[in-house]
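Please write up the side-chain pairings and helix packing in this model.

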Amino acid sequence: MTTEHHRVFAVVQTSDVGHARRAVVDVGRHLGLSEDETGRAAIVATELGTNLVKHAKGGGNILVRPLTGEGTGGIELISVDQGPGIKDPGQALQNGYTTGTSPGTGLGAVRRLSHVFDIYTQVGKGTVVLSQVRSGGARHASVPAFLIGAVMVPYPGLDVCGDGWGLTRLETGVQLLVVDGVGHGPQAAEAGLAALRAYETHAHSPLPDLMQLEHEALRDTRGAVLAVARIERDPPKVHYVGFGDISGRVVSSGASLSCVSKTGIVGAKIPSPQVYTYEWDQRSLLVMHSDGLTSRWDVAAYPGLDARHPTLIAAVLYRDHNRGNDDVTVVAVREGTGAHS
């Protein structure tokens, strides 16, 4: 289960870079990373922040969260800005390249120091850079069957998040849960955590049974909206069940299909769970998100984005469609093919 949210650091001036770097060092020490691993992540924070100050229109944000799942610890850093974009990202990734007064080691250094790295840029619209520095020092030897990524940010000014998401890798596919506790703040976070704990125990249950078990687990909380998607590879299908304002969308071959959620609050009052099934293929993308993100996004507006790392996809949607007045979670999943490092 995932309860660790991203901390957002606004980077507009040089002093902001140091603030983000110190926060990254604190995360590394808290996780027990080695000095070398923590130092690598700190350099990434410095390079990303310096690029925002020098090149982004009005600066940007660096999102930071600890990585504690799926076998290895580490730190995830995401740099987001809204302009001016990079005309030739391949050239910009070469060490020694510069368009200003810097030594030109920024993005090249970030890629070299990262175990997972990806970038998406559009001229005039901005750039998003993903870096994961993991413990152990080695890049993954193989690409997993499914790539999953997310951005989760609490209500502005709060340090607890009422959203959460859970992941279960199955023999035949993968399953995702996204939950949004009613409201925001500590009581919403309590509801979200109760949902994740129930999911951890009952994830392999049939989907209608899983929803009923979640309903019982949340009865003593203020309740939540919640959805679960189970992606099967044989035959390739998405099975989806949900209640309330959790959005799910399957993007495939340029078409975008919204998944059905029924009206209800899990833990308070829900009708009988109903599972809906959607087509899936190797090029499909599933995006699930809480209502902290508007539903007016279209992956087709971002050429090539659907083939990027899912965390990068989530970060681009967060940058451009975040309401800014609620907890927000965006989770993306696709099969482990296409462009990523």
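Helix α1 (residues 14-31) and α2 cross at roughly 160 degrees, and their axes come within 9 Å. Axes are lines fitted to C-alpha atoms, for helices over the stretch in contact, and angles run from 0 to 180 degrees between N-to-C directions. α1 passes α2 in a right-handed crossing. Right-handed means that the near helix is turned clockwise from the far one by less than a right angle, and left-handed means anticlockwise.

This is a predicted model, in which local features need pLDDT of at least 70, side-chain atom pairs count only at pLDDT 80 or more, and totals for chains, interfaces and linings use all residues. Residues are numbered from 1 along each chain as its sequence is written, and side-chain values use heavy atoms, with hydrogens and water left out.

Which residues of α1 meet α2? They are Thr14, Val17, Arg21, Val24, Val25, Gly28 and Arg29. On the α2 side, the partners include Thr38, Ala41, Ala42 and Ile43. Contact here means heavy atoms within 4.5 Å. Helices (H or I, at least four residues) and strands (E, at least two) are DSSP runs, numbered from the N terminus.

Helix α2 (residues 35-55) also packs on helix α4 (residues 106-113), at an angle of about 155 degrees and with the axes 9 Å apart. α2 and α4 are therefore roughly antiparallel to each other. Their crossing is left-handed. Arg40, Ile43, Val44, Glu47, Leu48 and Asn51 are the α2 residues that meet α4. Among the α4 residues they meet are Leu107, Val110 and Leu113.

Now the charged pairs. Side chains of opposite charge can pair when their charged atoms come close. The structure holds six salt bridges, each a side-chain nitrogen of Lys or Arg within 4 Å of a carboxyl oxygen of Asp or Glu.

Glutamate 335 sits in strand β15 (residues 328-335) and arginine 233 in strand β9 (residues 224-233), 102 residues apart. Glutamate 335 is buried, at 5% relative accessible area. Arginine 233 is partly exposed, at 38% relative accessibility. Buried means under 20% relative accessible area, exposed over 50%, and partly exposed in between (1.4 Å probe, protein chains only). Aspartate 118 is buried too, with a relative accessible area of 2%.

Is glutamate 76 buried or exposed? Glutamate 76 counts as buried, at 0% relative accessibility. Arginine 65 is buried at 11%.

The side chain of glutamate 76 also joins that of glutamine 132 in a polar contact of 2.7 Å. Such a contact is a pair of N or O atoms within 3.5 Å; within protein, one must be able to donate a hydrogen and the other to accept it, and residues adjacent in sequence count only if both atoms are side-chain atoms. Glutamine 132 lies in strand β5 (residues 126-134). Glutamine 132 is buried, with a relative accessible area of 5%. Leaving aside neighbours within four places in sequence, glutamine 132 is in contact with residues including Leu67, Ile75, His115 and Thr311.

Key: Angles under 35 degrees count as roughly parallel, over 145 as roughly antiparallel, 65 to 115 as roughly perpendicular and the rest as oblique.
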